[in-house]
Amino acid sequence: MESSLSFRARLVHAEAGKRVVQLSAWQGSSCLGSALGEAESAELAEERALERLQARLNQPPAQQHQPPNPPPQPEAPVRHPVVRRPPAEDSAEAIQAQAPTAETIQPSLPQAQSQPEAPAVTAEPHEPAADPEDWSDELAEIDIQLKRLGWDRNQEGTYLQRAFGHPSRNRITNYTDLAAYVRSLRDLKPSTDPAAASIPLRRRDLLSQSDDLLAALQWDANRGRQALEQQFKLSSRQQLSDEQLLEFNMQLEDTLAKAS
C-alpha cells in the first residue's frame, strides 16, 4: 500500500517585501521533487511554489525520467580531453567521437582545448576548495548577535534545529554553513521569534537544487554556462554568492515552468 503524498514548506529567504519558500513533495521517505516560490508574503510564495511543483509532478513520465541521463554526457568530453590528454591534432576527433549526438556542443569544443579554465566550469565542486582553520571570529560574533537578538541557548537551539537539523552550533562542521548562520543572524531584528525567523540559505542545498533543475531542462554544461554569462557575467556557479545562486535557481524554475 503506497504512502499518501505530503508537502513540506521551508522559508529560505526573507527581506523587505520579498519571501522565498521552498516546497517539496514527499511520498513516505522519498522526495518526489521540490520547487521555489517568490512573493511579497510567505503564504503567496508557498502557493506559487505549489503551482510550480504540481506542474512538474504532472509532467508525463518521459519528461520526468529522461532528463537526468543526458547532462553527464557533455561534461565528460569537456573535462577529460583537456585535463588527461595533451593537446593534439586528433583531440577534436576524440571529443566528437565521445559525444556524436550533441550537435550544439561541437562548435565550442576546440575553444575548450585552448582555454584551461573550461574544466572548472563543468566540474563544479559542491564545497569550497579550502576552509579557514580559525573560526574564532565567527563564533565570537554569534554570541554578540545572540545578545543583540535577546536569544538564550534554547532559542538558539530552536533556530538551529530549523536551519540545520540539529540544536547545537558545535555540530556545524562546514564553514560555509557557519558563515551562512552568522549572516542570517545579522539580518534578524531584536526579539525576533526563532520559530518564525527566516533561516539561512544553505549552499549545498542550492547547488543540489540547481543540478536537478538543469537536468530537468536537459541543459548541458555549455548551455548552463551561457545562462550564467548572460545573467551574471560569470562562467561558474561557484563564482555566485548564495543570493545570486538562489536567483539563478528561480530563473531556472521560471524557464522550466514555461517549457512545461
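In this predicted model, Arg-153 and Asp-143 form a salt bridge between their side chains, with an N to O distance of 4.0 Å. Arg-153 belongs to helix α8 (residues 153-164) and Asp-143 to helix α7, so the contact ties together parts that are 10 residues apart in sequence. Arg-153 is exposed, with a relative accessible area of 55%, while Asp-143 is partly exposed at 31%. Both residues also belong to a network of salt bridges that includes Glu-156 and Arg-169.

The count for the structure is 8 salt bridges. Three of them are listed here.

| Pair | N to O distance |
|---|---|
| Arg-153 and Asp-143 | 4.0 Å |
| Glu-141 and Arg-186 | 2.6 Å |
| Arg-237 and Asp-211 | 2.9 Å |

Glu-141 and Arg-186 meet in a salt bridge with their closest N and O atoms 2.6 Å apart. Glu-141 sits in helix α7 (residues 136-149) and Arg-186 in helix α9 (residues 175-187), so this pair joins parts that are 45 residues apart in sequence. Arg-186 is partly exposed, with a relative accessible area of 44%.

In the salt bridge between Arg-237 and Asp-211, the closest N and O atoms are 2.9 Å apart. Arg-237 is in the loop between α11 (221-232) and α12 (242-259), and Asp-211 is in helix α10 (residues 203-217); the two are 26 residues apart. Arg-237 is buried because its relative accessible area is 7%, under the 20% cut-off. Asp-211 is partly exposed at 27%.

Another residue to look at is Leu-44, in helix α1 (residues 42-57). Leu-44 is partly exposed at 37% relative accessibility. Leu-44 and Val-21 are 23 residues apart in sequence, and their C-alpha atoms are 9.1 Å apart in space.

Terms used: Residues numbered from 1 in each chain as written. Predicted model: local features only at pLDDT ≥ 70, side-chain atom pairs only at ≥ 80, totals over all residues. Heavy atoms only, no water. Helix = DSSP H or I, 4+ residues; strand = E, 2+ residues; numbered from the N terminus. Buried < 20%, exposed > 50% of the residue type's maximum accessible area, 1.4 Å probe, protein only.
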